[in-house]
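Look at the sequence and the structure together. The paragraphs below go through them part by part.

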Amino acid sequence: MKNVFTQFKNHAMTGVSYMIPTVTVGGILYALALAFSGGANVTNPFLANIEAIGASGMALLVPVLAGYISYSIAGRPGLVPGLVLGYMAANPMGPNKIVTGFLGGLLMGFLAGYFSKWVKTWKVPAFLKPLMPIIVIPLVVVLILGLLYIYIVATPLGAVVSGITAWLKSMSKGSAVLLAVVVGCMISFDMGGPFNKIAYTTGVALIASGDGHLMAMAGVAICIPPIGLGLASLILRTRFTDEERNSGKAAIVMGACGITEGAIPFAASDPLRVIPAIMIGSACGSVIAALGGATNMAPLGGLLVLPVVTGVWLYVLGVIVGVVVVIALMALLKKPIGTGNKVKKTVA
């Protein structure tokens with residue numbers, strides 16, 4: 001069992017190692033465009049171009065993660081299926097246009113890899129053998145798993161998304177603390193995935209009705225995972241790999257600009273420790289913002305929105321407390337790793 005878990009982790013880390021440059025390059029450029037524009041709406045044409053370039057890099061995050069997880073498992077024939085299915089996870093699919101994000105990409109990367117590996121074992125006529133890795137395997141895997149994703153994963157999730165959205169809106173009229181805990185956990189659970197987007201878009205919808213309280217809770221929670229994990233990687237150096245420490249610097253910048261996806265490399269490599277830690281940290285930060293009555297009338301999280309936040313000191317305190325909680329939990333949960341601990345990056 002331990003050997004199976006180690007194999008899963010190695011495959012995930014291969015995907016992460018290839019994904020980190022897309023997060024770093026895309027995230028920093030996107031964050032810089034937002035920072036210099038002073039908010040969510042980039043009107044300067046030059047900054048808008050930088051934002052578009054950064055967004056392009058960020059759009060590759062999930063496909064590259066899924067593609068190279070699949071590549072790690074099945075070799076070259078698994079790469080294209082993983083990339084395509086990762087793209088599907090990162091973009092609206094099915095009748096309800098569901099995006100499953102990071103978690104969907106992680107799942108589809110493993111499914112694509114193991115399915116491709118199995119198809120490689122098929123006994124086929126000699127004339128088909130040269131076509132197997134470049135046509136047959138990618139075509140079979142993408143078609144079958146793509147349809148499986150749309151009808152089994154994405155479509156049923158649509159009903160769940162609609163139900164949770166309605167539930168969150170009804171909760172906005174009840175206990176602020178309970179709502180803050182739910183919002184904080186949802187924002188950080190999948191870092192840009194469906195649960196994150198439900199909480200975020202509900203906050204944006206309530207802004208339109210003149211209520212910025214939920215958006216303040218979400219805004220605090222959005223930046224805690226990347227800032228907390230980025231600082232943890234620099235403070236608790238022996239508990240993180242060289243690649244994680246390098247991506248940690250970018251994660252801090254991304255977090256300040258309201259880009260939760262900066263935490264994904266850490267979560268993908270150690271989800272059982274990282275995801276609970278950032279959920280607790282984000283929930284703590286959101287509760288402080290809720291208790292302080294903070295409001296955020298901008299459809300963006302992080303620190304760029306401070307000029308339009310009311311209860312700004314409680315908002316900032318929520319971020320600080322949440323980040324400290326994440327760092328403390330990383331110190332408690334993560335064990336030091338050997339300096340020679342290298343991640344396998346390629347497969348023969």
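Which residue forms a salt bridge with Asp 242? The partner is Arg 245, and the closest N and O atoms of the two are 2.1 Å apart. A salt bridge here is a side-chain nitrogen of Lys or Arg within 4 Å of a carboxyl oxygen of Asp or Glu. This is a predicted model, in which local features need pLDDT of at least 70 and side-chain atom pairs count only at pLDDT 80 or more, while totals for chains, interfaces and linings use all residues. Residues are numbered from 1 along each chain as its sequence is written, and side-chain values use heavy atoms, with hydrogens and water left out.

Both Asp 242 and Arg 245 belong to helix α10 (residues 242-256), where they are 3 residues apart, about one turn of the helix. Helices (H or I, at least four residues) and strands (E, at least two) are DSSP runs, numbered from the N terminus. Asp 242 has 42% relative accessibility and so counts as partly exposed, whereas Arg 245, at 13%, counts as buried. Buried means under 20% relative accessible area, exposed means over 50%, and partly exposed is in between (1.4 Å probe, protein chains only).

The structure holds 3 salt bridges. Asp 270 forms one with Arg 273, with the closest N and O atoms 3.3 Å apart. Asp 270 is buried at 10% relative accessibility, and Arg 273 is partly exposed at 31%. Asp 270 also meets the side chain of Lys 334 in a salt bridge of 2.9 Å, N to O. This pair links distant parts of the chain, 64 residues apart: Lys 334 is in the segment after α13 (312-333), and Asp 270 is in the loop between α11 (264-269) and α12 (271-291). Lys 334 is buried, with a relative accessible area of 10%. Through shared partners, the salt bridges join Asp 270, Arg 273 and Lys 334 into one network.

Next comes the nonpolar interior. A nonpolar core is a set of buried Ala, Val, Leu, Ile, Met, Phe, Trp, Tyr and Cys residues joined through side-chain atoms within 4.5 Å. The largest such core has 98 residues, of which Val 183 and Met 330 touch the most other members. Helix α9 (residues 213-235) gives the most to this core, with 13 residues. Contact means heavy atoms within 4.5 Å. Leaving aside neighbours within four places in sequence, the contacts of Met 330 include Leu 229, Phe 240 and Arg 273.

Ser 70 lies in helix α3 (residues 61-74). How buried is Ser 70? Its relative accessible area is 0%, so Ser 70 counts as buried. A polar atom of the Ser 70 side chain lies 2.6 Å from the backbone oxygen of Gly 78. Not counting residues up to four places away in sequence, Ser 70 touches several residues, among them Gly 75, Gly 82, Ala 112 and Ser 116.

Last come the aromatic rings. Rings of Phe, Tyr and Trp (its six-membered ring) pair if their centres lie within 6.5 Å; planes under 30 degrees apart count as stacked, over 60 as edge-to-face and the rest as tilted. The whole structure has 8 aromatic pairs. Phe 189 and Phe 195 have ring centres 5.5 Å apart and planes at 80°, so the pair is edge-to-face. Phe 189 is partly exposed at 28% relative accessibility, and Phe 195 is partly exposed at 26%. Phe 8, Phe 110 and Tyr 114 form one aromatic cluster.

Notes: Polar contact = N/O pair within 3.5 Å; in protein donor to acceptor, adjacent residues only side chain to side chain.
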